[in-house]
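Please look over the structure below together with its sequence. The briefing that follows covers a ligand site, a helix, a strand residue and some aromatic rings.

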Amino acid sequence: MSVLLTGGAGYIGSHTCIEILNAGMDVVVVDNYANSSPIAMKRVEEIVGHEVKHYAVDCCDEAALRKVFEENKIDSVVHFAGYKAVGESVRKPLMYYKNNLDSTFTLLSLMKEFGVTDFIFSSSATVYGLSEAVPYKEDLPTGCINPYGWTKFMNEQILRDYAFANPEMSVVLLRYFNPIGAHESGLIGDDPEGIPNNLMPYVCQVASGKLEKLHVFGNDYPTPDGTGVRDYLHVVDLAQGHVAAIKYAKDHKGTEAINLGTGIGYSVLDLVHAFEEANDLTLPYVIDPRRPGDGATSYADSTKAKELLGWTAKKTLVDMCRDAWNWQKKNPRGYEE
Ligand code: WQD
């Protein structure tokens with residue numbers, strides 16, 4: 001019996017692949033490599049010490065995806081595959097809506113055909129919009145501020161409605177906060193294309209000298225030091241949250257939304273100082289104006305994950321900074337060989 005990981009060669013997918021295998025379950029990875037590299041699968045195999053079944057398949061290609069279900073006994077699905085760049089989603093909304101929703105429709109159709117009922121969805125704290133009602137609880141009214149976020153919100157609603165009409169379904173909507181860091185080996189990590197949008201990969205490229213300095217987007221927010229506050233969690237903790245969700249889904253029916261976050265908010269400058277401390281270096285930065293679309297503060301109420309999944313994040317901000325830098329140092333050009 002295997003867990004099907006769509007987008008399993010990506011940053012979170014590859015880390016989850018390793019934790020599922022560590023938990024004694026089998027995996028089958030499908031990925032079209034639009035946002036990832038086949039080299040990540042080689043690195044995963046190097047870490048786990050054996051081959052991992054993977055297919056170069058686009059989740060919107062029903063014929064190709066059907067072949068995966070025909071060739072493997074799938075007993076649950078973790079759906080990571082999707083476009084995820086906020087800025088690009090604003091520029092190309094139809095590409096995001098088509099890809100991120102069609103992939104879910106295709107998966108649900110094949111799961112019905114092959115009798116697969118457990119669906120773990122890669123959602124995001126972005127569904128909470130710019131709400132100031134922190135810590136975010138799962139029953140907080142949701143609303144999004146960009147097409148990427150709306151695709152997450154819409155997928156959640158599609159899955160809720162589908163599970164209501166198909167009572168055999170077990171759906172877990174995992175709302176990630178800000179995953180950072182890398183596997184302790186430094187063999188896999190976050191490998192964004194071009195200039196990173198997200199904070200940690202940008203910090204790592206400044207530390208490596210690839211970028212000149214960090215631009216801190218605003219220090220006039222209503223936060224302790226004026227810079228944006230987020231709930232950063234180690235990607236390995238996040239991956240282990242998926243293992244807990246897969247096990248939970250086996251004995252559960254219906255739909256549950258669950259935050260995966262530490263419940264602790266750290267500012268941009270908190271992260272900068274932790275990075276400097278963890279890696280014994282100085283990080284040059286300048287204060288720039290706020291980035292449009294950013295909120296002041298976002299962090300999770302992680303009670304439900306503890307109660308339902310028995311999961312809490314274990315790693316510290318210094319752990320995240322150390323492991324992120326270890327990946328960057330060993331892979332200055334990411335997965336490019
Ligand atoms: C974190 C903080 C920035 C870069 C995004 C997506 C969200 C999710 C996670 C997918 C903020 C500040 C950043 C920089 C900075 N992705 N910052 N200089 O915006 O919280 O969330 O990634 O689900 O959907 O929106 O993460 O890392 O971009 O920003 O000062 O060069 O760092 O203002 O306060 P964000 P981020």
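A polar contact is a pair of N or O atoms within 3.5 Å; within protein, one atom must be able to donate a hydrogen and the other to accept it, and residues adjacent in sequence count only if both atoms are side-chain atoms. The model is predicted: local features need pLDDT of at least 70 and side-chain atom pairs count only at pLDDT 80 or more, while totals for chains, interfaces and linings use all residues. Residues are numbered from 1 along each chain as its sequence is written, and side-chain values use heavy atoms, with hydrogens and water left out.

**Ligand site**

- An N or O atom in the side chain of Arg230 is 2.7 Å from an oxygen atom of the ligand.
- For the side chain of Asp294, the distance from an N or O atom to a ligand oxygen is 2.6 Å, and for a polar side-chain atom of Arg291 it is 2.9 Å.
- On its own the ligand has 680 Å² of accessible area, of which the protein covers 86% (Shrake-Rupley method, 1.4 Å probe).
- The ligand is surrounded by 19 residues, counted when one of their heavy atoms lies within 4 Å of it; the closest are Tyr148, Leu199, His215, Arg230 and Asp294.
- This shell divides into nine nonpolar, seven polar and three charged residues (nonpolar: Ala, Val, Leu, Ile, Met, Phe, Trp, Tyr, Cys and Pro; charged: Asp, Glu, Lys and Arg; polar: the others, Gly among them).
- Helix H7 (199-207) and strand S8 (214-217) each supply at least two shell residues, and S8 gives the largest share, with four.
- Helices (H or I, at least four residues) and strands (E, at least two) are DSSP runs, numbered from the N terminus.

**Helix H2**

- Within H2 (residues 38-48), Ile39, Ala40, Met41, Arg43, Val44 and Glu45 are buried, that is, under 20% relative accessible area (1.4 Å probe, protein chains only).
- These buried residues pack against helices H1 (11-22) and H11 (317-330) and strands S2 (26-31) and S3 (53-56); contact means heavy atoms within 4.5 Å.
- Ser37 caps the N-terminal end, with a side-chain oxygen 2.9 Å from the backbone nitrogen of Ile39.
- Gly49 follows H2 and has a positive phi, near 80°.

**Ser2**

- Ser2 lies in strand S1 (residues 2-6) and is buried at 11% relative accessible area.
- Beyond neighbours within four places in sequence, Ser2 contacts Asp26, Val27, Val28, Lys73, Ile74, Asp75 and Ser76.

**Aromatic rings**

- The structure holds eight aromatic pairs, in which the ring centres of Phe, Tyr or Trp (its six-membered ring) lie within 6.5 Å.
- Trp327 and Tyr335 form a tilted pair, 5.0 Å centre to centre with 55° between the planes (under 30 degrees is stacked, over 60 edge-to-face, the rest tilted); both residues are buried.
- Tyr128, Tyr136 and Phe177 are linked into a cluster by ring pairs.

Note on methods: Buried < 20%, exposed > 50% of the residue type's maximum accessible area, 1.4 Å probe, protein only.
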